[in-house]
Amino acid sequence: MILIGYSGHGYVAAGILKAMGKPAVFYCDNEEKKINPFGLTFLGNEGSELAQDKLKNEKFFISIGENSIRKRIFDQLALASFLPINIIHPSAIIDQTSAIAKNGIMIAAGVCINPLVKVGNGVICNTGCIIEHECIIGDFCHVAPGAVLCGNVTLGNNSFIGAGSVIKQGISIGKNVIIGAGSVVIKNVADNETVAGNPSRKI
């Protein structure tokens, strides 16, 4: 198992893989890390000859929290027919009626995903977040720790929901949106906006 990206978010991913009984062995990054808490072997960046050779035979996960960077690496590797696996912590609760895409999703410890939710590729459902019934999470979104999406919320691709935020039921959030930590969102949010506060407002 290979991690692409090995810092804070990578450590969380490594912990999930260990809990799954599929521990990471290798990592890719732009430089070798001085701090290596999981004792992984450095392969260079994902484009290096050594990494490309390993990717032919090893499963991998893109463990980068920044949506745009995660998507860029995903797309580059997909061109070579390399697609990341999903990693799901054993403590996560996922209703059987939910539709979880196949590639590059992280579902962390304590996450609850309720009935009829749809989760796109490359999504991060971070520690303890709650995604209620019939929500739709677009590709490469990041729902940060402790965030709550009430029923029928829609997130456009590449959006970020800050830690501890609450999104009211039925709200539509556009693409490339940033919701600040601790926000309470009670109105729809257009593409490319940043909002924060309680109630949230555009900033």
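## Aromatic pairs

Let's start with the rings: 4 aromatic pairs turn up in this predicted model (Phe, Tyr and Trp rings, the last by its six-membered ring, pair with centres within 6.5 Å; planes under 30 degrees apart are stacked, over 60 edge-to-face, the rest tilted). Tyrosine 27 and phenylalanine 42 form a tilted pair, because their ring planes stand at 40°, with centres 5.2 Å apart. This pair links distant parts of the chain, 15 residues apart: tyrosine 27 sits in strand β2 (residues 26–28) and phenylalanine 42 in strand β3.

## The sheet

An open sheet is built from 4 strands in the order β3-β2-β1-β4, with parallel pairing (strands are DSSP E runs of at least two residues, helices H or I runs of at least four, numbered from the N terminus; two strands pair with at least two DSSP bridges). The edges belong to β3 (41–42) and β4 (60–62); each has a single partner strand, so one side of each lacks a neighbour in the sheet.

Strand β1 (residues 2–4) runs parallel to β4, joined to β4 by 3 bridges. Across this pairing, leucine 3 stands opposite phenylalanine 61 in β4.

## How the model was read

The model is predicted, so local features need pLDDT of at least 70 and side-chain atom pairs pLDDT 80 or more, while totals for chains, interfaces and linings use all residues. Residues are numbered from 1 along each chain as its sequence is written, and side-chain values use heavy atoms, leaving out hydrogens and water.
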